[in-house]
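Subject: Handover of a protein model

Dear colleague,

Please find the structure below, followed by an account of what was found in it. I would be grateful if you could read the two side by side.

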Amino acid sequence: MHSSLLLAPFVLAGSVVAKQCLNITVPVSISARNGVFNLPTLEGNADATTFAQNLTSIRGNFTQEALLGYETVAGEFDISVKFCKPDAENGTDPTVQVLTHGLGFDKTYWDLPFNDYNYSYIDVAVDHYGFCTLSIDRLGEGNSSKADPLSVLQAPAEMSALYELTMMLRNGTLPNVPRAFNKIVHVGHSFGSALSYLLAVMHPTASDGLVLTGFSQNGSFLPATVASWDNKLARLNQPLRFGNISYSAVSEALLPLSNLTGQISSSLAKYNITLGEVLQYSQTTDLGDLVAGLQPTQLPKMADLPSGYLTWTDAGSNQFAFLLPEFFDPSILQFAESSKFPYTLGELLTIGSGPLMAPMFKGPVQILTGRQDAIYCGGDCLATGDPALASIPAKSKMAFPLARTFEAYIQPDTAHGINLHYNSTGAYNVIQRFLTREGLGPS
């Protein structure tokens, strides 16, 4: 049996109900038309840099240059999901939100354990509004099956897994969730939004509504993002989590140093350097990534990843892409960096591969993006250069000609990593109210 259960109710402070959650491993059969790319195996970090240089060069379209053709990728994989519902369900027609995370995260993006779950999207959707949620670890990430990072882990294959999970919800065949859902909405973040959009293109009746966060269809800022990440092989950047270094061996090797703190502090003082300054340096550079995983954690250990799994260099790269200074808790940056997840060559090559329009999708669409989003708005989503265009994400209205409703909401004082900002719950409420107004709330 592929399914494993963990009953995990949490109570949100001040709430009269609590969410009940099941962690489930779901076997999924996928079939997708993936690209075949001519790329050499990455042997080290210098090769990751070379790949980034090629991908971001203005000389041409590197994805097209490397593309040899297409092939059908098929197989069965395990997808790790978390299904949550209100402790006390009211009504007979619940709505389930399918939550898909972006690059650099796993499904805990939607239920952040930071600061006693005060940043939890799921808490707001379930406890305050009565929705059910299904958050997923995308194929290749977190506790889901790993796969070839170039030939398999591309947007089409990951969308195929998302579609199969959606159909299980629709048909009542998702393991350990004994009901069918008539109302299913897809909420994505970043690459997860791109997959949800692609689902609406390829299977326009699979979803009853779309919420695309951290999203626009302006890809002109992606090269700057890839460059700012200073890509490294994930197995070399955080070897204790993504490589093949033994945790116990490292702990044993470092044990003799535990009694040297006083001696180290004394030696540093001779150079007017404090131990605190050294710790700050280690936390904000790739030295902090090197030792990530030494502390006990519930994070999945994606050990011994192949070299096609990449990650950004350090906390500075993380902040540049995802966070707006003065509007996030400094501690959440260290949390996010130590708990980050890798992305793949195939994902970077196919992130913008979807058609420009979803011409047959008829449900409501909301795009919610932080005003200071660097990845999809270059740092200011209101800087359109066109008085008739309210925001960069608003231009996507043309991509949904049959949508019942289209709304582009710009979240203030927020960058790309919406759920990591002080005002994240404000954005969560905007989403729930939109879905409820559009008749997609639980009933």
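A358 is buried, with a relative accessible area of 0%; buried here means under 20% relative accessible area, exposed means over 50%, and partly exposed lies in between (1.4 Å probe, protein chains only). The model is predicted, so local features need pLDDT of at least 70 and side-chain atom pairs count only at pLDDT 80 or more, while totals for chains, interfaces and linings use all residues. Residues are numbered from 1 along each chain as its sequence is written, and side-chain values use heavy atoms, with hydrogens and water left out.

A358 belongs to the loop between helix 15 (345-350) and strand 11 (365-370). Helices (H or I, at least four residues) and strands (E, at least two) are DSSP runs, numbered from the N terminus. Not counting residues up to four places away in sequence, A358 touches Y197, A200, V201, A399, F400 and P401, where contact means heavy atoms within 4.5 Å. From A358 to P401 the C-alpha distance is 7.8 Å, although 43 residues separate them in sequence.

Two of these partners, Y197 and F400, also concern the aromatic pairs. The whole structure contains 18 such pairs; rings of Phe, Tyr and Trp (its six-membered ring) pair if their centres lie within 6.5 Å, with planes under 30 degrees apart counted as stacked, over 60 as edge-to-face and the rest as tilted. The Y197 and F400 rings are edge-to-face, because their planes stand at 90°, with centres 5.7 Å apart. Y197 is in helix 5 (residues 191-202) and F400 in the loop between helix 16 (374-377) and strand 12 (406-411), so the pair ties together parts that are 203 residues apart in sequence. Y197 is buried at 4% relative accessibility, and F400 is buried at 3%.

Elsewhere, ring pairs join F105, Y109, W110, Y121, W229, W312, F322, Y343 and Y428 into a cluster. There are also charges over rings (NZ of Lys or CZ of Arg within 6 Å of the ring centre and within 35 degrees of the ring normal). K19 lies over the face of Y117, 5.8 Å from the ring centre, and the charged end of R179 sits over the ring of F181, 5.7 Å from its centre.

A32 lies in strand 2 (residues 18-37) and is buried at 7% relative accessibility. A32 and A157 are 125 residues apart in sequence, yet their C-alpha atoms are 5.0 Å apart. Beyond four places in sequence, A32 touches E71, T72, V73, P156, A157 and S160.

K232, in strand 8 (residues 232-233), is likewise buried, with a relative accessible area of 16%. Leaving aside neighbours within four places in sequence, K232 contacts N45, A48, N237, Y309, L310, T311 and T313.

Among the helices, helix 13 (residues 315-322) and helix 14 (residues 330-338) pack with their axes 10 Å apart and at an angle of about 110°. In this contact, A315, N318 and Q319 of helix 13 meet L333, A336 and E337 of helix 14.

For the protein as a whole, the secondary structure comes to 17 helices and 12 strands. Buried residues make up 53% of the 443 residues. Of the contacts with a separation of 6 or more, 80% are between residues 24 or more positions apart.

Methods. Axes fitted to C-alpha atoms, helices over the stretch in contact; angles between N-to-C directions.
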